[in-house]
Amino acid sequence: VTVSTLRFDEGKFRTWLKSHYYTGWHSCCSCRMGKVDDTMAVVDTRARVYDTKGLRVSDCSIFPVKPNCNTQAPAYGITQRLFELISVEEYDTLLS
């Protein structure tokens with residue numbers, strides 16, 4: 001199907017559009033970070049899932065609110081910060 005044939009037939013255009021287009025939404029805010037008393041929070045400020053041992057979440061789902069930007073850079077930031085936190089925790093564990 002070419003663009004020139006689609007211009008004159010809205011039905012064909014809509015069919016083509018539905019089969020070739022996607023939104024590309026990034027999941028965000030479905031696993032909110034917050035304090036223990038926050039009833040909507042799923043993870044603490046160190047990305048540890050409440051009431052679970054050894055599980056952390058390191059993606060955009062832990063945002064309390066959706067940022068007004070593409071979520072790729074904030075996701076990298078979360079992952080970098082979590083790496084630093086875990087590294088310090090592991091180092092402290094080795095010293096004790």
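How many Å should the 24 residues of helix 3 span at 1.5 Å a residue, and how far apart are its end C-alpha atoms? Helix 3 (residues 72-95) should span 34 Å, and its end C-alpha atoms are 35 Å apart, which agrees. The expected span is 1.5 Å times one less than the number of residues in the helix.

This is a predicted model, in which local features need pLDDT of at least 70 and side-chain atom pairs count only at pLDDT 80 or more, while totals for chains, interfaces and linings use all residues. Residues are numbered from 1 along each chain as its sequence is written, and side-chain values use heavy atoms, with hydrogens and water left out.

The protein chain has three helices and zero strands, in the order α-α-α from the N terminus. Helices (H or I, at least four residues) and strands (E, at least two) are DSSP runs, numbered from the N terminus.

Of the 96 residues in the protein chain, 21% are buried. Buried means under 20% relative accessible area, exposed means over 50%, and partly exposed lies in between (1.4 Å probe, protein chains only). In helix 3, the buried residues include Ala75, Ile78, Leu82 and Leu85. An α-helix has 3.6 residues a turn, so residues three or four places apart point the same way.

Ser61 sits in the loop between helix 2 and helix 3. Is Ser61 buried or exposed? Ser61 is buried, because its relative accessible area is 8%. Leaving aside residues up to four places away in sequence, Ser61 touches Ser27, Cys28, Cys29, Ser30, Cys31 and Arg32. Contact here means heavy atoms within 4.5 Å.

Next come the charged side chains. Side chains of opposite charge can pair when their charged atoms come close. The structure holds five salt bridges, each a side-chain nitrogen of Lys or Arg within 4 Å of a carboxyl oxygen of Asp or Glu. One of them joins Arg46 and Glu89 at 2.8 Å, N to O. This pair links distant parts of the chain, 43 residues apart: Arg46 is in the loop between helix 2 and helix 3, and Glu89 is in helix 3. Arg46, Arg56 and Glu89 are linked in a network of salt bridges.

Another salt bridge joins Glu84 and Arg81, with the closest N and O atoms 3.4 Å apart. Both residues lie in helix 3, three residues apart, about one turn of the helix. Glu84 counts as partly exposed at 33% relative accessibility, and Arg81 counts as partly exposed at 49%.
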